[in-house]
Amino acid sequence: MTSYDIVIVGGGPAGLAAAVAAKKAGTDSILIIERDKELGGILNQCIHNGFGLHTFKEELTGPEYAYRFIEQVFDLGIEYKLDTMVMDISTDKVVTAMNRTDGMFQIKAGAVILAMGCRERPRGALNIPGYRPAGIYSAGTAQRLVNMEGYMPGREVVILGSGDIGLIMARRMTFEGAIVKVVAELMPFSGGLKRNIVQCLDDYGIPLKLSHTVVDIEGKERVSAVTIAEVGPDMKPIPGTEERYTCDTLLLSTGLIPENELSRNAGVSINPVTSGPIVNEILETNIPGVFACGNVLHVHDLVDYVSEEATRAGENAAKYVQNGCKEQEGGHVIQLKATDGARYTVPCTINPERMDDLLTVRFRVGAVFSNAYVSVYFDDERVMHKKKKIMAPGEMEQVILQKKKLAEKPDLKTITIKIEAE
Amino acid sequence: MEKRNLTCIGCPMGCQITVEFEGEEFHSIKGNSCAIGDRYARQEVLKPERTVTSTVIVIGGAKERTSVKTKGNIPKDKIFACMDEINKVRAQAPLKIGDVVVKDVCGTGVDVIVTKNCEIA
């Protein structure tokens with residue numbers, strides 16, 4: 001069986017940044033396994049700009065951002081396999097994969113970095129009534145068709161869900177001559193970034209209807225009309241508010257789900273809130289030597305944060321193999337909890353002896369909060385209290401913990417992040 | 001005096017900016033957290049601009065299309081004219097990031113450039 005110090009599953013933004021960081025940290029034996037025909041992952045179809053403001057201090061398109069990392073993978077001579085699908089990862093880190101040239105093969109890995117990204121929520125998971133004609137696509141599928149394959153999925157479009165991909169596709173379809181009639185969002189707030197509502201909808205006069213959902217799809221062969229209706233606080237459609245739009249296409253932008261089938265099979269514990277692995281301060285899962293980063297860990301809205309997180313995963317994986325793949329012992333474990341409006345935290349636990357001097361804890365809120373406070377409690381003592389003008393579920397938040405502050409509290413058991421009105 | 005509320009598109013923060021102005025004279029710009037917001041607010045009120053991104057057909061390439069962008073912002077009212085120009089392009093492979101496929105698109109002084117490498121088939 002061939003063996004590598006580090007096997008990275010996925011050659012998108014997370015896998016690329018993790019590989020580059022691990023190599024720079026001194027580990028040479030690295031293999032990236034990618035199922036698509038090229039490196040770059042989802043960035044290849046995200047041809048719009050707005051990537052990289054944090055990382056490169058300039059505004060890049062998705063493919064340009066990806067290439068900054070792909071180029072480093074080439075220059076550093078990091079090995080990768082394309083068109084290769086990982087079938088299984090075992091608890092003792094044997095990776096089973098297959099492709100057309102090698103057939104089925106196994107690799108023994110010192111450490112594994114999970115970087116598989118996420119998948120769109122499909123129609124089947126939404127319970128939309130109506131017929132099942134052609135012309136219903138997830139927004140990301142439409143994005144791939146338009147931007148990479150060169151096909152227009154339709155001419156008259158209704159979009160359900162106001163996630164960023166849906167908003168971006170409203171503009172993209174408009175650019176290519178389609179008429180986007182309306183974007184309906186079930187929640188009373190958009191799941192996308194504010195800038196995308198402005199530059200993708202408002203710029204082209206596309207209405208965004210909050211608290212609305214699809215109640216009927218018409219069409220036997222192809223979509224011919226979609227009816228939307230307002231929903232009440234119970235999320236149920238309000239009779240009499242129906243509006244019918246003739247159209248040939250319905251795009252769904254209704255959320256992303258981390259793709260963790262491989263992780264689950266390997267025995268990785270999953271957080272039911274994020275659908276991603278439960279990780280500690282070094283982004284390691286419950287299986288020693290298996291790390292996770294990027295959208296497989298929790299769905300991000302900025303690729304810059306994916307790169308940052310993946311860099312840490314890469315460095316930590318390198319450290320793990322350089323220490324002889326031994327589980328680090330000692331130190332106590334502090335639990336991280338999210339309550340009162342905060343939905344989850346990444347990481348979920350911290351070993352204060354192993355943590356970096358500064359540790360970024362990322363989280364999301366469950367509703368829109370204006371002029372509220374992000375508070376951090378060390379057990380019952382409030383140690384951080386920061387006012388934020390606006391917080392929304394679509395935008396990831398963070399707090400930064402200092403190692404020296406944690407060291408002052410040797411008996412600390414729980415760190416709680418919550419949202420407070422004052 | 002005119003008052004406008006804007007959402008900055010300069011970065012994902014999306015600052016809510018309030019601009020007070022008269023003609024081309026600015027009385028106040030409030031709510032932005034950096035210089036990008038100030039620049040955006042002035043530009044947006046007087047002459048709104050956007051970057052256009054799309055794809056072009058590639059001849060003789062390993063892929064049938066590759067992605068492009070306007071190298072800088074162009075006036076908002078030229079977006080669709082710019083798209084027409086981009087859709088006429090037949091670019092010869094190989095193409096590298098930064099290669100110009102349309103020079104001075106629609107008289108804006110801005111070039112349309114390649115954003116993804118495309119090898120020869």
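Visitor: Leaving aside its neighbours within four places in sequence, which residues is A:Pro352 in contact with?

Guide: In this predicted model, A:Pro352 is in contact with A:Gly331, A:Ile334, A:Lys403, A:Leu406 and A:Ala407, where contact means that the C-beta atoms of two residues, placed from the backbone, lie within 7 Å. A:Pro352 is also 8.5 Å from A:Glu281, C-alpha to C-alpha, although the two are 71 residues apart in sequence. Residues are numbered from 1 along each chain as its sequence is written, while chains are lettered from A and ligands numbered from 1 in the order in which they are written. Because the model is predicted, local features need a pLDDT of at least 70 and side-chain atom pairs count only at pLDDT 80 or more, whereas totals for chains, interfaces and linings use all residues.

Visitor: What makes A:Pro352 buried?

Guide: A residue is buried if 20 or more other C-beta atoms lie within 10 Å of its own, exposed if 12 or fewer do, and partly exposed in between, with the C-beta atoms placed from the backbone. A:Pro352 has 21 other C-beta atoms within 10 Å, so it is buried. This proline is found in the loop between strand 24 and strand 25 (358–365) of chain A, and strands here are DSSP runs of E of at least two residues, just as helices are runs of H or I of at least four, all numbered from the N terminus.

Visitor: Why is A:Asp340 called partly exposed, and why does B:Asp104 count as exposed?

Guide: A:Asp340 has 14 other C-beta atoms within 10 Å, so it is partly exposed. B:Asp104 has 11 C-beta neighbours inside 10 Å and therefore counts as exposed.

Visitor: What is the phi of A:Asp340, and what is the phi of B:Asp104?

Guide: Most residues other than glycine have a negative phi, and most peptide bonds are trans. A:Asp340 has a positive phi of about 45 degrees although it is not a glycine, and the phi of B:Asp104 is likewise positive, near 45 degrees. As for the peptide bonds, a cis bond joins A:Val346 and A:Pro347, with omega about 5 degrees, and another cis bond joins B:Ala93 and B:Pro94, with omega about 0 degrees.

Visitor: What makes strand 8 and strand 9 of chain B edge strands?

Guide: They belong to an open sheet of 5 strands in chain B, ordered 8-5-6-10-9, with mixed pairing. Strand 8 and strand 9 each have a single partner strand, so one side of each is left without a neighbour in the sheet.

Visitor: How do you know that strand 5 and strand 6 of chain B pair?

Guide: Two strands pair if DSSP finds at least two bridges between them. Strand 5 (residues 53–59) and strand 6 (residues 65–70) of chain B are joined by 5 bridges and run antiparallel, so they pair under that rule. In this pairing, B:Ile57 has B:Arg65 of strand 6 as its bridge partner. Elsewhere in chain B, strand 1 (residues 2–7) and strand 2 (residues 16–22) pair in the antiparallel sense over 6 bridges, and B:Glu2 stands opposite B:Phe21 in strand 2.

Visitor: How many residues of chain A are in contact with chain B, and which element gives the largest share?

Guide: 18 residues of chain A are in contact with 19 residues of chain B. On the side of chain A that touches chain B, the elements giving two or more residues are helix 2 (62–75) and helix 5 (194–201) of chain A, and the largest share, 4 residues, comes from helix 5.
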